[in-house]
Amino acid sequence: MQFKVFDAMYEEYLSNTNFTEFSKYSKFVEAVQSLSQANVAFGAGIEAVITEAIVSTFDPITKQPMVDPVKGAKCGHTYERSSIIELIKRKPKGTRCPYVGCHEKLTLRDLQDDEQMKLYLSQQRK
Ligand SMILES: [Zn+2]
């Protein structure tokens, strides 16, 4: 019975591409966490999905959805290519990673294609 409710929530969760509404699912996350203690395999699967969803698909600089994501080689944070390049151009010796609390310096050489995010974004568009 409990699983039926879960399935519906999970479906809704997967179809919701607007992660700003994520707080709506905090109850769901709580439920998954308690469930994962009872059933590790099931819980671990869903937790992986949730962890992925918490990773923002929005560029931290423009706050727009990312289209061409690149990541910082040192800290692994992801940004939209054009906006992070713009920031670095203003500070050629390296700009601070725009993520709150991250103090890594970024130069153009530190940027790598974020293949994982690219794949994720293309799946979101389907
Ligand atoms: Zn960072």
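The chain holds five helices and five strands, where helices (H or I, at least four residues) and strands (E, at least two) are DSSP runs numbered from the N terminus. Read from the N terminus, the order is α-α-α-β-β-α-β-β-β-α. This is a predicted model, in which local features need pLDDT of at least 70 and side-chain atom pairs count only at pLDDT 80 or more, while totals for chains, interfaces and linings use all residues. Residues are numbered from 1 along each chain as its sequence is written.

Now to the sheet. Three strands make an open, antiparallel sheet in the order β2-β1-β5, with strands counted as paired if DSSP finds at least two bridges between them. β2 (78-80) and β5 (111-113) are at the edges with a single partner strand each, so one side of each has no neighbour in the sheet. Strand β1 (residues 69-72) pairs with β2 over three bridges, and proline 69 has glutamate 80 in β2 as its bridge partner.

Helix α4 (residues 81-90) lies across β1, β2 and β5, at about 90° to β2; such angles run from 0 to 180 degrees between N-to-C directions, with axes fitted to C-alpha atoms, for helices over the stretch in contact. Helix α5 (residues 115-125) also packs on the sheet, touching β1, β2 and β5, and its direction makes about 150° with that of β1.

Finally, look at valine 70. Beyond its neighbours within four places in sequence, its contacts (C-beta atoms, placed from the backbone, within 7 Å) include Tyr79, Ile84 and Leu111.

Notes. Two residues are in contact if their C-beta atoms, placed from the backbone, lie within 7 Å.
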